[in-house]
Amino acid sequence: AVEPIGRMGPPQGLAAVGRLVDTDTPEAAAKAVAAAIALHGTLGHSELASLFRPKEAGDNRERALLDYLRARVAAAGDDAALTFEYLGACCAAGQVDELERVTRDRSIAYDAVQACTLLREAGGAAGKDPRPLINVCDRHNLFGELATALLARRQLRHLMLYVRSVNRAASAPVCAALLEAGCEAARVAEVVSPLHAPSAPAVLGSMLDAECQADVVASLLEPLDGAERG
């Protein structure tokens with residue numbers, strides 16, 4: 001299918017790919033994807049991607065779009081806009097494992113703020129699994145965004161595991177963000193260090209306003225750090 005389409009002009013080539021897509025069978029979709037990957041420079045990426053836009057979740061178009069964008073990202077991992085387009089398609093399709101893989105892969109570029117916003121606002125399966133969001137925020141030091149997102153999702157246990165097992169250095173900004181978002185002092189203490197939570201609420205309860213927040217956070221973390229060193 002690729003060679004005949006490659007000999008056509010762009011309008012005719014796009015029409016040929018479109019006919020393959022409209023056939024709506026796995027075999028035809030695979031041929032359309034192969035042609036799109038090979039000829040995107042001639043036929044145009046946006047025009048090709050629009051042909052694959054699914055009419056309903058789980059149809060052959062959705063799978064074809066994912067296959068096409070996955071191949072494009074693999075070949076052009078430094079294209080942040082392309083990666084973001086792929087992340088959006090994965091969110092829509094509920095491809096959480098692929099979201100996790102792409103956001104973890106440091107050879108793949110993406111705009112961290114865009115990706116964080118996309119994942120924070122995602123629904124369905126992508127909105128329930130915190131791994132992609134954790135990857136983005138950890139890689140780009142967006143600890144406050146991570147804390148408030150997981151607080152809103154009621155996924156503080158995942159945040160606790162992150163600060164205790166993955167990135168202890170994120171404890172202070174995570175703690176500060178939770179306090180500013182109105183999270184209860186006892187809950188914040190449990191997230192930061194459950195083993196020392198009983199002594200923390202009194203310290204956190206002394207916070208009067210945002211200006212003294214840094215001092216409160218430091219007061220919480222200092223005894224915890226000392227206990228861990230000991």
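Guide: A cavity here is a set of points, on a 1 Å grid over the protein atoms alone, where a 1.4 Å probe fits but cannot get out, and lining residues have an atom within 4 Å of a point. This is a predicted model, in which local features need pLDDT of at least 70 and side-chain atom pairs count only at pLDDT 80 or more, while totals for chains, interfaces and linings use all residues. Residues are numbered from 1 along each chain as its sequence is written, and side-chain values use heavy atoms, with hydrogens and water left out.

With that settled, the structure has 1 cavity of 30 Å³ or more.

Around the largest cavity you will find Leu20, Val21, Asp24, Thr25, Ala28, Ala29, Asn60, Arg61 and Ala64. By class, this lining comprises 5 nonpolar, 2 polar and 2 charged residues; Ala, Val, Leu, Ile, Met, Phe, Trp, Tyr, Cys and Pro count as nonpolar, Asp, Glu, Lys and Arg as charged, and the others, Gly among them, as polar.

At least two lining residues come from each of α2 (10–23), α3 (26–43) and α5 (60–75). Helices are DSSP runs (H or I, at least four residues), numbered from the N terminus.

Methods. 1 Å grid on protein atoms, 1.4 Å probe; cavity = no way out; pocket = protein on both sides within 12 Å on 5 of 7 lines; lining within 4 Å. Points joined across faces, edges and corners; volume = space filled by probe spheres on them.
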